[in-house]
Structures are given as structure tokens and as C-alpha cells.
Amino acid sequence: CRRRDTSVSAIPQLLVSTILLGGVYALIAVGLTLIFGVMRVVNFAHGEFVMLGMYLAFWAFALLALDPYVTLFIALPVFFVAGLASYRLVMRPVIHASHNVQIFTTVGLSIALQNVALVLWTGDFRFVRTEYYSVVVRLGATAFNVSQIAAFAVAVAFTAALFAFMRWSYTGKVMRATAQDGQAAGLMGIDTDRIYALTWAIGIVCVGVAGVLLAPLYPVYPTVGIQFVLIAYVVVVLGGLGDMAGALLGSLIVAAVEVVGSYVIGTAWKEVLYLLLFIAILLVRPAGLFGQRGAEQLGT
């Protein structure tokens, strides 16, 4: 009876932890979904841009004593420019190539970024420890630290702004039109190359911002992006490729699997749970929860 009472009392904490974690995962997954939905490119270097965002937050904190949430304002232009540069140098030549060529290109970019980080900053684990790192907020039967709340709030605000941009802005509508039919969009006078560049840059900004938000919560090292890109893949497949609303729901489901699985089984099993969930999705419903709707649903 005592064990059952303990499990019941843990439900509010597990629920809150799922929501807080799912909000940050959503920002990572939405960036990957946006790139795939418009460009039809699976970015295997997605996690490495998360890693770079975490390093930006770490070095800004270590060298300039900048709070990670102040670093966000630096991250926005930095990753937008990095996104445009990586598109022009790496993705533009292969944007109309076969999927195999695109996959090998993004995998190569991923390996290159990992090794550049390893050469520049070694493989040591680094940490961002702010003054409020250990501050715990208690609300009823739940407890969480300030960094979790701040990361969730910023991630939700950024994701909502991206949804509003895709839904109501003229550029967002042009991006959705390009996603629906790139050839027809080109015939209507839309500069699809410019739209692809903008899409890639916005997707990179999303993961760069997510990396800055994650830096106070996780250790920073050159291969840290692998665990987050695995989560993003599971979320995107679970929610339906190219479906941003599905990515939000998928983020909460994956966060719930991690939180509940870590509580019941142990944190060492969370990667196994991701893979089992990924395999189950592919076997039972390969098109995801919302099915393969197509890019015309992007941003709706």
C-alpha cells in the first residue's frame, strides 16, 4: 500500500516534468519538421547545431559571464547567419539531388561539426552553472528548478511565434506554398532557392536556441547532439513527417516516455525506450499519428 501511495503521489511531478521537457523537445523537433516539410531534406546534422548552441551558451558564460538567457539574443543572429552560410556552402548544391546524396551530405556535415568541436574544445564535459541553478520551486506536490521553467517558457514562446509566422505572415504563406508544390511555386514567380535558404536558416535558429536553453540543464561535449537528434527523429516520425502540430504532440509523448521510463526503470534505459518507440511506430503506423498528410498541412 505504501508503494502504491508513493506511485500515486509521484503522478503530478511526472506530469509537470513531462510538460516542461516536452516544450524544449518540441522546439528541436519543429525545426527538423520545418526543414523536411518545405525542403524534403532529412537533416542528420540537426543535433550538431544543438551542440553548437550549447557551446555558445557555455563560452559566453565562461568568458563573458553572460547569462544563458541573455545569450539567446546573440544566438538568434549567429545561428541565422550560420544557417544561411551552411545552406549556401553545403545544401544548395544538393537540394535537387537524390535523397541518398542529401543524406550523405548532412551526415558528412554532422561528422565534420563533431570533429571540429572535438579539436577546438576537446572531449571534456563542461557545465553552465548559474547562480539560480540549484534554486528549486515548489508548487503543491511538484518541485522543479528555475532553469527548467525558463527553458520551457522560452521554448513555448519561440514555437508559438514560429507557428504564427507560418500561419499569418506573407513569407510564411510563401513557404507553405513552396512546400505544397515547389515547381508550381517557381512558375508563379516565387524564388524557391531563397525560400529554401530561409527555411534552412529558421530551422537552424530553432535548434540553436534550443541548445542555449539546454546548456544549463545538460553537460556540454562534442557528441551531445546525438541524443537530441535521436529524440527529434522519433518525434518527427511519431507526429507525421512534415506536420508541425504532430511534432508538438509527439514531443509530449516522447517526453512522457523518458520521464515515466526513467522513474520506473531508470535513466540508463531511456535511449532503449526511444528506440523501442521508434521501431513500434515504424511497424504499427509508419506515417505517424497524423499520417503522411503532405506539405500543404505545414503550419496549420
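User: What angle do H2 and H11 pack at, and how far apart are their axes?
Analyst: In this predicted model, H2 and H11 pack at an angle of about 135 degrees, and their axes are 7 Å apart. That angle makes H2 oblique to H11. The crossing in which H2 passes H11 is right-handed.

User: Which residues of H2 and H11 make the contact?
Analyst: On the H2 side they include Leu14, Ser17, Leu21, Gly22, Tyr25, Ala29 and Thr33. On the H11 side, Met244, Leu248, Ser251, Leu252, Glu258, Val259 and Tyr263 are among them. By class, this contact of H2 with H11 has 15 nonpolar, five polar and one charged residues.

User: Nice. What about H10 and H11, how do their axes cross?
Analyst: Helix H10 covers residues 225-239 and helix H11 covers residues 244-264; their axes come within 8 Å and cross at roughly 125 degrees. So H10 is oblique to H11. H10 passes H11 in a right-handed crossing.

User: Which residues of H10 meet H11?
Analyst: From H10 you have Ile231, Val234, Val235, Leu238 and Gly239. They meet Gly246, Ala247, Gly250, Ser251, Ile253, Val254 and Glu258 in H11. The residues of this contact of H10 with H11 divide into seven nonpolar, four polar and one charged.

User: Switching topic: where is Leu32, and is it buried or exposed?
Analyst: Leu32 is in helix H2, which spans residues 11-39. Leu32 counts as buried because its relative accessibility is 4%, and the cut-off for buried is under 20%.

User: What does Leu32 touch, beyond its neighbours within four places in sequence?
Analyst: With those neighbours left aside, Leu32 is in contact with Asn43, His46, Ala232, Tyr233 and Val236. Also, Leu32 and Val42 are ten residues apart along the chain, and 7.5 Å separates their C-alpha atoms.

User: You mentioned His46. Where does that one sit?
Analyst: His46 is in helix H3, residues 46-64. With a relative accessibility of 0%, His46 counts as buried. Leaving aside neighbours within four places in sequence, His46 is in contact with Ile28, Gly31, Leu32, Gly203, Val207 and Val229.

User: And H3 itself, at what angle does it pack with H4?
Analyst: About 140 degrees, with the axes of H3 and H4 10 Å apart; H4 is residues 68-91. That makes H3 oblique to H4. H3 passes H4 in a right-handed crossing.

User: Which residues make the contact of H3 and H4?
Analyst: H3 brings Phe49, Leu52, Gly53, Leu56, Ala57, Ala60 and Phe61, while H4 brings Pro68, Thr71, Ala75, Phe79 and Ser86. The residues of this contact of H3 with H4 divide into nine nonpolar, three polar and no charged.

User: Last topic, the core. How many residues has the largest nonpolar core?
Analyst: The largest nonpolar core has 82 residues, and those with the most contacts inside it are Met39, Met54 and Phe228. Helix H9, residues 192-214, gives the largest share of this core, 15 residues.

User: What is Phe228 in contact with?
Analyst: Setting aside its neighbours within four places in sequence, Phe228 is in contact with Tyr25, Ile28, Val50, Met54, Leu214 and Tyr218. Met54 is also listed with Phe228 among the residues with the most contacts inside the core. Tyr25 is one of the H2 residues in the contact with H11, and Ile28 is in contact with His46 too.

Notes:
Residues numbered from 1 in each chain as written. Predicted model: local features only at pLDDT ≥ 70, side-chain atom pairs only at ≥ 80, totals over all residues. Heavy atoms only, no water. Core = buried A, V, L, I, M, F, W, Y, C linked by side-chain atoms within 4.5 Å. Buried < 20%, exposed > 50% of the residue type's maximum accessible area, 1.4 Å probe, protein only. Helix = DSSP H or I, 4+ residues; strand = E, 2+ residues; numbered from the N terminus. Contact = heavy atoms within 4.5 Å. Axes fitted to C-alpha atoms, helices over the stretch in contact; angles between N-to-C directions. Parallel < 35°, antiparallel > 145°, perpendicular 65-115°, else oblique. Left-handed = near helix turned anticlockwise from the far one by under 90°. Nonpolar A, V, L, I, M, F, W, Y, C, P; charged D, E, K, R; others polar.
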